[in-house]
Amino acid sequence: MKRIGIVTSGGDAPGMNAAIRAVVRAAHTKDLEIVGFERGWEGLINNKCRLLSPRSVSGILQFGGTILHTSRCLEFWTKDGLQKSAETLAFNRIDGLVVIGGDGSFNGAQALSKETDIRIAGVPATIDNDVYGNDETIGFDTAVNTAVAEIDKIRDTAASMDRVFVVEVMGRTRGFIALAVGLASGAETILVPEVKFTIDDVVGTVKQNVQKGKKSGIIVAAEGIGDTRELSRDVEKLTGIESRLSVLGYAQRGGNPTARSRYLAGAFGDKAVELLLEERINSIIVLQNGKVTTISLEESVRNKKPLDLSLLDLARMLAT
Ligand SMILES: Nc1ncnc2c1ncn2[C@@H]1O[C@H](COP(=O)(O)OP(=O)(O)O)[C@@H](O)[C@H]1O
Ligand SMILES: O=P(O)(O)OC[C@H]1O[C@](O)(COP(=O)(O)O)[C@@H](O)[C@@H]1O
Ligand SMILES: [Mg+2]
């Protein structure tokens, strides 16, 4: 192993830069050369890359986004796109590839592994926290903290004006962000795509809370549950209490990574380099019960990460 490639792919996540820095510096320590591909899989398809050195990753640890840029790349779904990428890797004499991204990027990496023999190490980085076999992705903690800070502010106006707020958070089709944000912000209701609910359930909780003396409330809704504007309208119509929708949106994807996201980036990045040097199978780096370890790439993409539903019960009990 002499030369490794590195790519950030899919939606950016705070801490991707910290992960790039960690991989580059860990690889340099082990006398490896590092080639950074630009704009996700596009950089592999079009051979857009540059050499990275310990100094070229100075001053990026604390910033969100990714200095390598990223993309969602349609061409990578095609055989032609995958073959071009394999050729680019061979052309640049790459022996191992570190893929920093989410579930989609790892599905892409698995598809790429059919076209090349080079070893692949995945580093989970997505705000959605939806990578199977891994307790926490780089960027998740930052996104959750950003959303919680916003909800703390929304509480001020909700309480002052005796209103209910539906707060929509990201997470694509999954509820990991909504669950963590809802729990940490004391939301009265948390709605996730993994658990079916009816408008009557939501309205019932709001009405019960009013009877208990709670004149305002927060409903944290994952974007994957459907139309949150309609939900907010229905809540107002059926409870008689004013309801507003606040969509937190892309701010959740940006900003300075928290210490937690930076820590994970450092530990995962170092382990990825170690993995490329020592293991024969394509794997992703994961956090399991506080320990940094690995699982096979194939196993991770074949399975769906479960949501811990007991935390919904905990949040409900605490918000009584
Ligand atoms: N099954 C697949 N085959 C080939 N490429 C894929 C596959 N799934 C995802 N990809 C590639 O990985 C990219 C990143 O995945 P995406 O879901 O957008 O983000 P993330 O990695 O953050 O989950 C996609 O834009 C696409 O180029
Ligand atoms: O950036 P886009 O294409 O608007 O996609 C938005 C999606 O990206 C995310 O912010 C992050 O998802 P990924 O990590 O899978 O890219 C999701 O929460 C959201 O649904
Ligand atoms: Mg994803």
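Analyst: By class, the shell around ligand 1 holds 5 nonpolar, 10 polar and 2 charged residues; here Ala, Val, Leu, Ile, Met, Phe, Trp, Tyr, Cys and Pro count as nonpolar, Asp, Glu, Lys and Arg as charged, and the others, Gly among them, as polar. This is a predicted model, in which local features need pLDDT of at least 70 and side-chain atom pairs count only at pLDDT 80 or more, while totals for chains, interfaces and linings use all residues. Residues are numbered from 1 along each chain as its sequence is written, and chains are lettered from A and ligands numbered from 1 in the order in which they are written.

The shell around ligand 1 has 17 residues, and those that come nearest are Gly 10, Gly 102, Gly 104, Ser 105 and Gly 108. A residue is near a molecule if its C-beta atom, placed from the backbone, lies within 6 Å of it. Helix α4 (residues 103-112) gives the largest share of this shell, 6 residues; helices are DSSP runs of H or I with at least four residues, strands are runs of E with at least two, and both are numbered from the N terminus.

Now for ligand 2. Its shell has 13 residues, and Gly 11, Gly 102, Thr 126, Met 170 and Arg 172 are the closest. By class, they split into 2 nonpolar, 6 polar and 5 charged residues. At least three residues of the ligand 2 shell come from each of domain 1 (3-139 + 257-302) and domain 2 (141-254), with bounds taken from an automatic or database domain assignment.

How do the two domains sit relative to each other? Their C-alpha centres lie 34 Å apart. Domain 1 puts 16 residues into the contact and domain 2 puts in 13, where two residues are in contact if their C-beta atoms, placed from the backbone, lie within 7 Å. On the domain 1 side, the residues touching domain 2 are 4 nonpolar, 8 polar and 4 charged.

Finally, the whole chain. The protein chain has 11 helices and 11 strands, and its C-alpha atoms fill a box of roughly 70 × 35 × 30 Å along the principal axes.
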